[in-house]
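Please read these notes with the structure open beside you.

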Amino acid sequence: LLMRFRPDLKLEDVDPKTMADYFKYLETRVQEYEGGRLKRGVKSSTIAARIAKLNGFFNWLVVKRYLEENPFDKMAPVRVLYEDKRYLSQEEVQKIFYAVDTMEWSSRLARLRNKAIFYTLFFSGIRKGELLGLRVEDVDLKKRTLYVRPETSKSRRGRTLPLHKQAAYVLEQYMKQREK
């Protein structure tokens with residue numbers, strides 16, 4: 001992305017001003033997505049992630065003596081703002097719980113599976129891809145924990161999460177029905 005911003009960029013051009021210009025570009029560029037939807041700029045957390053990656057790379061270039069100094073050493077750190085808080089209201093959550101519980105499903109197993117999916121997502125906060133990657137052995141109902149595998153985790157690190165008692169109960173019902 002840096003090279004798309006400045007295709008002619010040379011090592012001697014890597015300085016605080018160039019990096020500041022690059023991040024201004026990221027903040028203002030317009031991207032087109034499927035269906036003609038446009039998106040302007042990126043979030044501060046995305047910029048912070050890009051800085052972290054480039055910072056590591058530039059430190060490596062300094063160690064290898066390709067650069068005299070890391071341009072980020074002379075730049076103020078980016079303050080990350082998490083302003084896009086999106087969440088469901090308690091009423092919306094209750095409506096979903098009610099719908100999952102009362103909707104007509106093709107079988108009892110399908111109802112319990114769908115209920116287990118929603119309860120697990122809601123009470124653990126795992127991502128969709130992490131949920132889809134779960135295996136039976138990743139759920140420990142005795143310890144009430146859930147293991148997220150590194151290959152499905154965004155950070156590529158495995159982690160063990162506590163399992164809320166309601167989610168554990170629904171998962172236990174599902175597992176019993178599944179065994180039948």
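1. Surface. The accessible surface of the chain comes to about 13300 Å². Carbon and sulfur atoms hold 51% of that area. Such areas come from the Shrake-Rupley method with a 1.4 Å probe; for residues, only the protein chains shown count as cover.

2. Basis. This is a predicted model: local features need pLDDT of at least 70, side-chain atom pairs count only at pLDDT 80 or more, and totals for chains, interfaces and linings use all residues. Residues are numbered from 1 along each chain as its sequence is written, and side-chain values use heavy atoms, leaving out hydrogens and water.

3. Fold elements. The chain has seven helices and five strands. Helices (H or I, at least four residues) and strands (E, at least two) are DSSP runs, numbered from the N terminus. From that end, the order is α-α-β-β-α-α-α-α-β-β-β-α. The radius of gyration is 23 Å, well over the 16 Å that the globule rule gives for 180 residues, so the chain is more spread out than a compact globule. (The radius is taken over C-alpha atoms; the rule is 2.2 Å times the number of residues to the power 0.38.) Along its principal axes, the C-alpha trace spans about 65 × 40 × 25 Å.

4. Buried residues make up 30% of the 180 in the chain. Buried means under 20% relative accessible area, exposed over 50%, and partly exposed in between (1.4 Å probe, protein chains only). Of the contacts with a separation of 6 or more, 42% join residues 24 or more positions apart. A contact means heavy atoms within 4.5 Å.

5. Asp101. This residue lies in helix 4 (residues 90-102). Is Asp101 buried, partly exposed or exposed? Asp101 counts as partly exposed because its relative accessibility is 32%. Leaving aside residues up to four places away in sequence, Asp101 touches Arg111 and Lys115. The side chains of Asp101 and Lys115 are joined by a polar contact of 2.8 Å. (A polar contact is a pair of N or O atoms within 3.5 Å; within protein, one must be able to donate a hydrogen and the other to accept it, and residues adjacent in sequence count only if both atoms are side-chain atoms.)

6. Arg149. Look in the loop between strand 4 (145-148) and strand 5 (159-162). Arg149 counts as buried, because its relative accessibility is 15%. Not counting residues up to four places away in sequence, Arg149 touches Gly133, Arg135, Glu137, Asp138 and Gly158. A polar contact of 2.9 Å links the side chains of Arg149 and Asp138.
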